[in-house]
Amino acid sequence: MVTVAVSCPRCGGSVRSPDLMHPESRCPDCGPVAPLHVPEHIGAEIVASVVDHIRATAQPQQPAAPLWCPWPLPPGWTTTGVAWAGDDRLGVRATVVACAGPAPLGGGPADLVFVAEEPGVGLGTRYAGVPGPDAGPELVEALTDPGPGHPGHVGRAGIRVAGHPTPLWLVNSLPDRSAYAGEARGMWLYAIAWPASAGHLLAEDVLLHDLVEWTPSELVYGAPSPYLHGKA
């Protein structure tokens, strides 16, 4: 049995299930939300169960939400978590993949979290540490002022998503991390890195693959990400 923690995607607080008075899941502080489900552990069977759930709850006439993971993984990196946001009524509205490995500029370990979400979920901005349900205002600012003073400044991260060049722009974030935002398959795509300097990894040849389409058997797993379990 897979143990799953359920929380608010926007603040990490508790979520109340739908009832006779409220047809939607809701957070006492944030209001109606798409609950975040984070499996306690990570491994091939956990990824498979999340993929099965995403496929089973995909809305008619719409593609399943992508589960973006770097593949191949950078040298020395492991997959450290997967999660999804939504419920039986909404289906899956956001997905998360976490990875960890050596920091690109040295100095210890680094963590990366990739979020794909529909507008308004608020998970990507929570991990970035910025207010609001999505990065729209931040992205407008980034397109005019990319913030070269940020310790994780790369300007624009030119990654490839499912084989397609996909720009991500540096947006404002808390100083202990760097955050990039863009769009892929009609959903927000966020990449958040700890520490901030680990954002330089995104300046390299990073390829994102959708695990819902195919999960490599060679995927390597590490200790569960602290950022998926309440640290962010």
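1. How far is the sulfur of Cys 69 from the closest cysteine sulfur? The gap is 4.6 Å, to the sulfur of Cys 99, and that is too far for a bond. Cys 69 is buried, with a relative accessible area of 0%. (Buried means under 20% relative accessible area, exposed over 50%, partly exposed in between, with a 1.4 Å probe and protein chains only.)

2. A note on the model. It is predicted: local features need pLDDT of at least 70, side-chain atom pairs count only at pLDDT 80 or more, and totals for chains, interfaces and linings use all residues. Residues are numbered from 1 along each chain as its sequence is written, and side-chain values use heavy atoms, without hydrogens and water.

3. The structure holds zero disulfides (pairs of cysteine sulfur atoms within 2.5 Å). Cys 8 is in none; its nearest cysteine sulfur belongs to Cys 30, 3.7 Å away. Cys 8 has 0% relative accessibility, so it counts as buried.

4. The protein has four helices and 13 strands. These are DSSP runs, numbered from the N terminus: helices are H or I with at least four residues, strands E with at least two. The C-alpha atoms fill a box of roughly 50 × 40 × 35 Å along the principal axes.

5. Of the 232 residues in the protein, 51% are buried. Take contacts (heavy atoms within 4.5 Å) between residues at least 6 apart in sequence: 61% join residues at least 24 apart.

6. Gly 106 sits in the loop between β7 (91-102) and β8 (109-117). Gly 106 is partly exposed, at 41% relative accessible area. From Gly 106 to Trp 188 is 82 residues in sequence and 30 Å in space, C-alpha to C-alpha.
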